[in-house]
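Please look over the sequence and the coordinates below before reading on. The report then goes through the model part by part, from the overall picture to individual residues.

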Amino acid sequence: MRADVLVVGGGPAGMFAAGTAAQGGAEVLLLEKNSRPGRKLMITGKGRCNVTNNCGLDDFFSNIPRNPRFLQSALHRFAPEDAIAFFEERGLPLKTERGNRVFPKSDRAVDVVDALTEFIRRAGVRLRCNAEVSELLLEGGSLSGVRLADGEEFHAGKVIVAAGGKSYPLTGSTGDGYRLAEQAGHTIVPLRPSLVPIETVEDWCGKAQGLSLKNVTLSAVGLERNKVIFSEQGELLFTHFGISGPLVLSLSAHLKEPLQDFCRLFIDLKPALDEQMLEARVLRDFSENANKNFGNSLDRLLPRKLIPVVVRLSGIEPAAKVNQITREQRRRLCGILKALPLTPWRFRPIEEAIVTSGGVDVSEINPKTMESKRMPNLYFAGEVLDVDGYTGGFNLQIAYSTGYAAGLSCQGGPL
């Protein structure tokens with residue numbers, strides 16, 4: 001079977017690439033290994049799908065920790081405002097929430113998938129599902145198509161690889177794109193999980209399992225230079241292995257392994273209060289509980305599951321009477337409340353990550369066209385590339401923008 005363009009992978013990058021190329025008149029065949037496209041997209045944003053981030057490009061690039069300069073051309077050509085217009089023009093109303101995160105008004109990820117599926121259908125893309133690509137067809141050093149795992153071959157003048165990363169493998173992201181890239185002579189920057197929960201050395205997190213803290217500040221201090229490398233306010237969740245939640249996912253994009261040698265973590269449980277205000281608050285609580293044991297006096301200050309942790313770290317005897325606690329002990333308690341310490345141990349497995357960090361070395365890719373510098377007529381888009389962003393819709397926008405750039409390049413029209 002022949003086509004002008006073959007697209008490997010039916011995620012957001014692949015569908016944008018396929019639809020854009022087809023709109024320019026190219027005959028496009030989209031090969032998807034699952035029974036339907038957009039499977040991973042269905043579970044993003046807890047099933048709501050954080051479509052993009054409604055921010056300016058300066059803010060956008062500040063949320064891309066890896067290779068933001070590579071994305072300059074693609075993002076200027078297809079910016080968040082273009083993504084918002086794309087979906088709304090196709091009958092999908094959107095809304096902007098905290099942190100400029102954009103969601104469908106329906107709060108249904110399936111509506112996003114349906115809009116993209118309708119886009120490729122109307123553009124004239126041929127879709128072939130249950131088609132797992134196993135290798136590129138290289139004849140005399142030139143690219144001529146792809147071969148499926150079952151041996152079937154498809155030929156085309158151009159191939160766009162948008163096969164995703166290695167996170168959430170049950171959705172089909174099993175690293176196929178990296179294997180195809182290596183076959184074409186590309187360098188793969190070592191993969192690691194990003195936007196992923198973190199295991200901690202401390203076992204008390206397991207005892208606080210299920211506790212969600214809102215409006216706390218999580219900070220990471222690097223051990224090498226004793227500088228703050230991350231500090232944000234938001235929501236954090238304790239789990240049986242350590243910590244998770246939006247703050248932790250964002251934090252993970254800033255860290256390097258081995259985590260235990262890289263940084264220490266601190267949770268400010270009372271970010272709205274400075275040290276003086278917090279000490280006044282503690283004094284007030286203590287005066288109302290003067291005859292209580294210290295271990296029974298913190299109910300109004302802390303969630304129940306954290307009380308034994310803070311008591312132990314404070315070094316104050318749980319049975320000590322509140323009216324016997326010294327000023328120095330009280331200040332030590334306030335110090336714990338403002339900087340509850342944690343030691344990161346390791347990332348959770350890459351299978352639990354939202355995105356994969358690492359991938360095809362972008363120095364080997366033309367940033368305007370997404371074409372390989374190693375293999376003419378081979379293009380890459382989306383998570384397979386060594387670019388990733390923080391949580392908040394940035395990674396999906398990267399998928400759209402790089403997919404759009406690749407698809408536009410395969411139209412044969414002006415760039």
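## Overall make-up

The model described here is predicted, not experimental. The protein has 13 helices and 19 strands, and its C-alpha atoms fill a box of roughly 85 × 40 × 35 Å when the box is taken along the principal axes.

Of the 415 residues in the protein, 55% are buried. Among the contacts in the protein with a separation of 6 or more, 73% are accounted for by residues 24 or more positions apart.

## The sheet of β3, β5 and β4

Three strands form an open sheet in the order β3-β5-β4, with antiparallel pairing. The edge strands are β3, residues 52-53, and β4, residues 94-97, each of which pairs on one side only. Strands of a sheet pair through backbone hydrogen bonds, and the pairing may be either parallel or antiparallel. Between β3 and β5, which covers residues 101-104, there are two bridges, and these two strands run antiparallel; Asn53 has Arg101 in β5 as its bridge partner.

Thr52 also belongs to strand β3. Is Thr52 buried or exposed? Thr52 counts as buried because its relative accessibility is 0%, which lies under the 20% limit for that class. The side chain of Thr52 makes a polar contact with the side chain of Gln397, at 2.7 Å. Once neighbours within four places in sequence are left aside, the residues in contact with Thr52 are Pro80, Ile84, Asn100, Arg101, Val102, Gly392, Gly393 and Gln397.

Strand β12, residues 212-222, pairs with strand β13, residues 228-238, in the antiparallel sense over eight bridges. Within this pairing, Ala220 has Phe230 in β13 as its bridge partner. The hairpin of β12 and β13 has five residues between the strands, and in this hairpin Asn226 takes a positive phi near 55 degrees.

Gly222 is located in strand β12, and with a relative accessible area of 10% this residue is buried. Which residues does Gly222 touch, not counting those up to four places away in sequence? They are Lys227, Ile229, Phe262 and Cys263. As for Phe262, its C-alpha atom is separated by 5.8 Å from that of Gly222, although the two residues are 40 residues apart along the chain.

On the other hand, β13 is also joined to β14 by two bridges, the two strands running antiparallel, and they form a hairpin with three residues between them. Ser244 is placed in strand β14, residues 242-244, and stands opposite Leu237. Ser244 counts as buried because its relative accessibility is 13%. Leaving aside neighbours within four places in sequence, the contacts of Ser244 are Pro197, Leu236, Leu237 and Thr239, so that Leu237 is listed among these contacts as well as standing opposite Ser244 in the strand pairing.

## Helix α6 and what covers it

Helix α6 comprises residues 176-183, and its buried residues are Asp176, Gly177, Tyr178, Leu180 and Ala181. What covers these buried residues includes the strands β1 (2-8), β7 (133-139), β9 (153-161), β10, β18 and β19 (378-380). Just after α6, Gly185 takes a positive phi of about 90 degrees.

## The second largest pocket

About 180 Å³ of space lies in the second largest pocket. The elements giving two or more residues to the lining of this pocket are β10, residues 188-194, and β18, residues 355-360; β10 provides the largest share, with three residues. Both β10 and β18 are also named among the elements that cover the buried residues of α6.

The residues lining the second largest pocket are Pro65, Arg66, Val189, Pro190, Arg192, Ala253, His254, Leu255, Lys256, Ser357 and Gly358.

Terms used
Residues numbered from 1 in each chain as written. Predicted model: local features only at pLDDT ≥ 70, side-chain atom pairs only at ≥ 80, totals over all residues. Heavy atoms only, no water. Pairing = 2+ DSSP bridges. Helix = DSSP H or I, 4+ residues; strand = E, 2+ residues; numbered from the N terminus. Buried < 20%, exposed > 50% of the residue type's maximum accessible area, 1.4 Å probe, protein only. Polar contact = N/O pair within 3.5 Å; in protein donor to acceptor, adjacent residues only side chain to side chain. Contact = heavy atoms within 4.5 Å. 1 Å grid on protein atoms, 1.4 Å probe; cavity = no way out; pocket = protein on both sides within 12 Å on 5 of 7 lines; lining within 4 Å. Points joined across faces, edges and corners; volume = space filled by probe spheres on them.
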